[in-house]
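I wanted to go through this model with the ligand in place and jot down what I looked up. Here are my notes.

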Amino acid sequence: MDKIAIFPGSFDPITLGHVSIVKRAAPLFDKIIVSIGINSLKKYMFSVEKRKKWITDVFKDLENVEVETYEGLTIGYCKKVGANYILRGLRTAADFEFERGIGQVNHMMSDNIETVFLLTEAKYTPITSSIVRDVFKNGGDVSKLIPSEVTL
Ligand code: ADP
């Protein structure tokens with residue numbers, strides 16, 4: 001059975017932290033689907049079309065990485081695409097507490113789905129999409145935080 005992982009998130013926009021997690025996880029799985037979660041109650045800064053294009057461009061040379069969008073429960077989406085693994089990045093203890101709850105409940109609901117965590121590279125620990133948005137909104141230079149394919 002192929003090892004298929006989804007890497008869910010908003011990616012508003014994708015950052016160097018996200019890119020590092022996907023690149024390091026790519027050899028571990030047959031396929032990784034970077035999955036842009038769409039929540040109709042949430043406001044995003046960048047359109048889903050833009051976010052999807054940026055991610056596609058960033059990973060164009062990685063054959064086993066795809067990009068999709070989804071709505072609704074993450075484990076429902078995993079079943080739909082045949083994924084048994086949810087990939088997540090861990091930056092801080094706060095990330096751990098947040099992820100622990102979600103990962104454990106997901107496992108309770110579907111025990112054939114495992115959440116796999118990779119620690120962030122130390123230099124990317126402070127990077128979040130929301131900091132990128134704030135710096136960008138206020139005219140700052142975000143080039144050290146996002147991949148060059150992301151043209152805000
Ligand atoms: P969400 O919409 O769930 O907040 P994000 O789009 O911010 O998600 O992130 C998706 C995933 O990427 C999460 O697992 C998050 O922990 C991880 N991630 C975000 N920023 C970084 C970073 N700088 N280094 C490593 N992982 C990160």
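My entries start with the ground rules, then go to the ligand, the aromatic rings and the backbone.

**Ground rules.** I am working on a predicted model, where local features need pLDDT of at least 70, side-chain atom pairs count only at pLDDT 80 or more, and totals for chains, interfaces and linings use all residues. Residues are numbered from 1 along each chain as its sequence is written, and side-chain values use heavy atoms, with hydrogens and water left out.

**Polar contacts.** I took N or O pairs within 3.5 Å. A ligand nitrogen is 2.9 Å from a polar backbone atom of Tyr 124, and a ligand nitrogen is also 2.9 Å from a backbone N or O atom of Ile 127. For Phe 11, a polar backbone atom lies 3.1 Å from a ligand oxygen. I then checked cover: the protein hides 86% of the 550 Å² of accessible area that the ligand has on its own (Shrake-Rupley, 1.4 Å probe).

**Aromatic rings.** I found 5 aromatic pairs (ring centres within 6.5 Å; planes under 30 degrees apart are stacked, over 60 edge-to-face, the rest tilted). Phe 46 and Phe 136 make a tilted one, at 6.0 Å centre to centre and 50° between the planes. Phe 46 is in the loop between strand E2 (31-37) and helix H2 (48-58) and Phe 136 is in helix H5 (residues 129-137), so the pair ties together parts 90 residues apart in sequence. Helices (H or I, at least four residues) and strands (E, at least two) are DSSP runs, numbered from the N terminus.

Most residues other than glycine have a negative phi, and most peptide bonds are trans. Phe 11 has a positive phi, near 50°, and sits in the loop between E1 and H1. Pro 13 lies in the loop between E1 and H1 too, and the Asp 12 to Pro 13 peptide bond is cis, omega near 5°.

Methods. A polar contact is a pair of N or O atoms within 3.5 Å; within protein, one must be able to donate a hydrogen and the other to accept it, and residues adjacent in sequence count only if both atoms are side-chain atoms.
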